[in-house]
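Open the model in your viewer and keep the selection panel at hand.

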Amino acid sequence: MKKLLIGLATTTALASPAFAELLELEKDELTFGFIKLTDMAPLAVAYENGYFLDEGLFVTLEAQANWKVLLDGVIGGQLDGAHMLAGQPLAATIGFGTEAHIITPFSMDLNGNGITVSNEVWEEMLPHIPKMDDGRPQHPISAEALAPVVEKYKSEGKPFNMGMVFPVSTHNYELRYWLAAGGLHPGYYSQENISGQIGADVLLSVTPPPQMPATLEAGTIYGYCVGEPWNQQAVFKGIGVPVITDYELWKNNPEKVFGITAEFAEQYPNTTLAVTKALIRAAIWLDENDNANRMEAVEMLAKPEYVGADAEVIANSMTGTFEYEKGDKRDVPDFNVFFRYNATYPFYSDAVWYLTQMRRWGQIAEPKSDSWYDEVAKSVYKPEIYLEAARLLVDDGLANEADFPWDSDGYKAPTPPEDIIDGIAYDGKQPNAYLDSLPIGLKGEQKVVGTNVEG
């Protein structure tokens, strides 16, 4: 693995205004992990722009082979923290999979994912997709257009396989959400069967993000849900068509987080604040002046030690556009959001949504009270750390007071029906009522027993 080691600060740098409020760090040499996706950008920017160094931090960034290796590295202490799937700290804390108390003081971004299908599947979907006046497909595209294709494959005795990046990934839950909104069952998990394919119309399995295009091209899967640049890569390679972005699925949905162990935060509170400060500065830089810095960020991310994809591919989604088919490039200014809309604030309601999806598909086997969802969210998401770091940045003159939700109770206002593809509103304060409102999925006292849903 290629390592990036920050150099020593110069005397001149130490005298700069950014060091006026330097925290007394308990640990100043840190190693952070990431997966090669564009939404690791806050880490790359904090490194490349010297924001870690401004806080007195000497940081090494290490690309990881997959999400499990990354999580194990944080739990085992080989990594001090990492760019994580939002579901990972929650799942680890409640004991689904590897058990450990992981927290997040910082959400890394909103949106940034897409669902791509093979060219063959796309051609079969097209007759079922409404067209605009100019003949192009009308977006957002519902999974209802995929349903006849899945039925055809079933009638031919072929399982319809799709890829997602990890069982507790946003991508798994977004793909499931899209399929279910179109009437297709993505399958349940049970304590005895963790395939997630119980009763499934579409069989979902794990594929690491950078391998998605090659796996699609090989015909092992017919589509996938992944972060960028791996949807745009399919367009550039001419092997697949992105049918929907997660912005179209759920406007400004939460994505990755920065995860550390609860023990790290307790043992190194000032270091945790310093890291959070640097990441907030990076997020501000990524979004400031209407994304004016995005091409510079693209050049950073294109380096082999970060994402390692062609700058042109990364820029296709990172600079305010998204290309569905070759030549069908549309404006999606909020496809990648790193700071605006309070993107970096770790909202409890974001955590609760992930927990509802774990319950919906059987990863949480038993029914839970609304208060349980709230308690778990508060044990993992730490807005108090975030706001303390933000206050220090404001005091240092490095951030604007008006850019932070100082008076928030940690819950966003309910997401209105028009912002979600199935037209079902989401209120993080009422998780069980939300689950009851979803046509497909576990609700109430229901449990998966064998291959059946009971209760």
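## Backbone stops

Start in the loop between α11 (246-249) and β12 (257-261), where you will find Asn252. Helices (H or I, at least four residues) and strands (E, at least two) are DSSP runs, numbered from the N terminus. This is a predicted model, in which local features need pLDDT of at least 70, side-chain atom pairs count only at pLDDT 80 or more, and totals for chains, interfaces and linings use all residues. Residues are numbered from 1 along each chain as its sequence is written, and side-chain values use heavy atoms, with hydrogens and water left out.

Check the backbone of Asn252: phi is positive, about 55 degrees, although this residue is not a glycine. Most residues other than glycine have a negative phi, and most peptide bonds are trans.

Next, select His139 and Pro140. A cis peptide bond joins them, with omega about 0 degrees. Pro140 sits in the loop between α6 (119-125) and α7 (147-155).

Then go to Glu228 and Pro229, also joined by a cis peptide bond; here omega is about 15 degrees. Pro229 belongs to the loop between β10 (223-227) and α10.

## Two helix pairs

Stay with α10. Show helix α10 (residues 230-237) together with helix α15 (residues 311-318): they pack at an angle of about 120 degrees, and their axes are 9 Å apart. Axes are lines fitted to C-alpha atoms, for helices over the stretch in contact, and angles run from 0 to 180 degrees between N-to-C directions. α10 and α15 are therefore oblique to each other. (Angles under 35 degrees count as roughly parallel, over 145 as roughly antiparallel, 65 to 115 as roughly perpendicular and the rest as oblique.)

Now show the side chains. From α10, Gln232, Gln233 and Phe236 make the contact; from α15, Glu312, Val313, Asn316 and Ser317 do. Contact means heavy atoms within 4.5 Å. By class, this contact of α10 with α15 has 2 nonpolar, 4 polar and 1 charged residues. Ala, Val, Leu, Ile, Met, Phe, Trp, Tyr, Cys and Pro count as nonpolar, Asp, Glu, Lys and Arg as charged, and the others, Gly among them, as polar.

Move to helix α16 (residues 348-360) and helix α17 (residues 370-380). Their packing angle is about 125 degrees, with axes 9 Å apart. This pair, α16 and α17, is therefore oblique too. Select Tyr348, Ala351, Val352, Leu355, Thr356 and Arg359 in α16; they meet Trp372, Tyr373, Val376, Ala377 and Lys378 in α17. The contact of α16 with α17 has 8 nonpolar, 1 polar and 2 charged residues.

How many cavities of 30 Å³ or more does a search of the whole structure find? There are 3. On a 1 Å grid over the protein atoms alone, a cavity is a set of points where a 1.4 Å probe fits but cannot get out, and a pocket is an open set with protein on both sides within 12 Å along at least five of seven lines; lining residues have an atom within 4 Å of a point. Grid points are joined across faces, edges and corners, and a volume is the space filled by probe spheres set on the points.

The largest cavity has a volume of about 70 Å³. Select its lining: Glu174, Tyr177, Leu249, Trp250, Asn253, Trp353, Ile420 and Tyr434.

Finish at the largest pocket, with a volume of about 530 Å³. Of its 24 lining residues, Gly95, Phe96, Gly97, Val168 and Gln363 are the closest to the centre. Colour α5 (87-94), which gives the most to this pocket's lining, with 4 residues.
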